[in-house]
Amino acid sequence: MKKHMVRGNMALCAAVGLSFIAPLAHAHVLPVAPKMRPKVIILTAFPPEWHAWTEQKSFDHRVAHVPGLMTPLICDSQGVCVTETGEGEINAAVTVASLVKDVALDVRKTIFIRSGIAGGVQAESSALGSVYINSWVISWAFGHHYLNDRKQLAWLPPGCADYAAPGHCGAYTRNLYENLAYKINPALLSMAVKASANVQLEDSPEARKLDKLFGVSTSPKVMVGATITGDDFWIGKEEQTIAERIVRLYTHGEAQYTNTAMEDLGDVAALSRFGLADHYLSIRGISDVDLPPPGKTEEEIWKTGDLYAGALAERNAVIVTKAVIAHLLRAPA
């Protein structure tokens with residue numbers, strides 16, 4: 001009786017099992033949606049930069065709502081896409097990591113371009129509205145910022161034993177996980193410089209007045225520089241001197257500090273974690289000078305507001321970025 005019941009249960013289980021299996025033999029396999037493979041993703045930080053691109057209806061071709069993004073990823077028919085990351089290193093890193101890890105995207109061949117405005121230096125060649133294609137992205141925040149015994153702003157680097165690979169003390173770029181300094185892919189940089197060699201940048205009467213006030217050139221141009229990333233707004237000679245020292249140290253004198261912004265380090269640090277740091281460009285238009293004009297103090301500037309050519313800087317950053325993208329689209333896949 002016991003054996004009979006076992007056989008009966010086995011037969012019943014087999015019959016029940018087949019009742020579930022049989023329909024699967026006739027089921028249709030749903031096709032897997034093809035992944036989007038953007039050729040270029042433009043990263044903007046805040047609404048004025050975002051609107052400089054999204055006013056072009058060509059980006060309505062395709063819209064992707066990617067988890068982790070503040071705004072949709074919108075793309076044109078050529079595979080050029082743009083999104084808004086939000087300001088600061090953290091927002092930038094979260095956005096880029098979300099793009100890389102999204103299951104609907106394949107960005108293994110995508111070029112990421114940070115395109116926006118930046119603060120600049122008081123240098124004769126650096127007119128407001130000039131555009132820097134950056135060769136290095138450097139951290140402002142790491143290290144020790146403090147008031148020295150003379151109550152002046154000062155800075156000391158982080159201990160290189162903690163922030164460089166073992167056996168390479170002082171070679172801060174050897175330990176990418178510490179996010180101190182990233183050198184832009186030289187081949188990609190060279191391509192961008194050549195692609196923008198003949199672009200015509202705009203100018204404005206307001207910018208020329210500010211150029212004259214600061215004693216700098218009144219002709220915006222495209223140049224190569226190094227950008228330093230920090231989330232705090234600063235203005236003043238002491239801070240600029242510190243920025244110059246940081247860039248010299250981390251690049252071993254290879255680069256010169258020329259502009260400051262808030263997102264680039266987050267962009268490239270996130271890409272680096274996924275082996276995509278060589279797919280990144282930083283293109284920045286100079287909107288202001290990180291020094292008070294002659295006869296003004298830093299405190300006076302903070303009370304009255306910075307002297308600003310943001311609209312011109314953004315337009316010129318877009319002009320250069322478009323020239324670079326046009327070259328990328330012409331290149332073999």
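**First stop: the disulfide**

Select cysteine 75 and cysteine 81, which form a disulfide with their sulfur atoms 2.0 Å apart; the term denotes a pair of cysteine sulfur atoms within 2.5 Å. A search of the whole structure finds one such link. The angle about the S-S bond is 105°, and the link of cysteine 75 and cysteine 81 is right-handed. Both cysteine 75 and cysteine 81 are buried, where buried stands for under 20% relative accessible area, exposed for over 50%, and partly exposed for the range in between (1.4 Å probe, protein chains only).

The model is predicted, so local features need pLDDT of at least 70 and side-chain atom pairs count only at pLDDT 80 or more, while totals for chains, interfaces and linings use all residues. Residues are numbered from 1 along each chain as its sequence is written, and side-chain values use heavy atoms, with hydrogens and water left out.

**The whole chain**

Now display the entire protein as a cartoon. Its secondary structure comes to 10 helices and 12 strands; helices (H or I, at least four residues) and strands (E, at least two) are DSSP runs, numbered from the N terminus. Of the 333 residues of the protein, 50% count as buried. Among contacts with a separation of 6 or more, 77% join residues 24 or more positions apart, a contact being heavy atoms within 4.5 Å.

**Threonine 85**

Move to threonine 85, in the loop between β4 (80-84) and α3 (89-101). Is this residue buried or exposed? Threonine 85 is buried, because its relative accessible area is 1%. Beyond residues up to four places away in sequence, threonine 85 touches Leu43, Thr44, Ala45, Met70, Asn91, Ala92, Thr95, Arg114 and Glu263.

**Helices α3 and α8**

Next, select α3 together with helix α8 (residues 264-273). Their axes come within 7 Å and cross at roughly 35°; axes are lines fitted to C-alpha atoms, for helices over the stretch in contact, and angles run from 0 to 180 degrees between N-to-C directions. The crossing of α3 and α8 is right-handed, that is, the near helix is turned clockwise from the far one by less than a right angle, anticlockwise being left-handed. To see the contact, show Glu89, Ala92, Ala93, Val96, Ala97 and Val100 of α3 with Leu265, Gly266, Asp267, Ala270 and Leu271 of α8.

**Aromatic pairs**

How many aromatic pairs are there? The count comes to three, with rings of Phe, Tyr and Trp (its six-membered ring) paired if their centres lie within 6.5 Å; planes under 30 degrees apart count as stacked, over 60 as edge-to-face and the rest as tilted. Select tryptophan 140 and tryptophan 234: their ring centres are 5.0 Å apart and their planes at 20°, so the pair is stacked. Tryptophan 140 is in the loop between β6 (131-139) and β7 (144-147), and tryptophan 234 in the loop between β10 (222-229) and α7 (237-250), so the pair ties together parts that are 94 residues apart in sequence. Both tryptophan 140 and tryptophan 234 are buried.

Then select tryptophan 155 and tyrosine 250, an edge-to-face pair at 6.3 Å centre to centre, with 80° between the planes. Tryptophan 155 belongs to strand β8 (residues 153-156) and tyrosine 250 to helix α7, so this pair ties together parts that are 95 residues apart in sequence. Tryptophan 155 counts as buried at 2% relative accessibility, and tyrosine 250 counts as buried at 1%.

**Serine 217**

Proceed to serine 217, in the loop between α6 (205-214) and β10. Serine 217 is buried, with a relative accessible area of 12%. Serine 125 is 92 residues from serine 217 in sequence, yet 5.4 Å from it in space, C-alpha to C-alpha. Apart from neighbours within four places in sequence, serine 217 is in contact with Glu124, Ser125, Ala127 and Asp211.

**Leucine 312**

Finish at leucine 312, in helix α10 (residues 310-330). Leucine 312 is buried, its relative accessible area being 3%. Glycine 285 is 27 residues from leucine 312 in sequence and 8.1 Å from it in space, C-alpha to C-alpha. Setting aside neighbours within four places in sequence, leucine 312 is in contact with Leu128, Gly129, Glu202, Asp203, Ser204 and Ala207.
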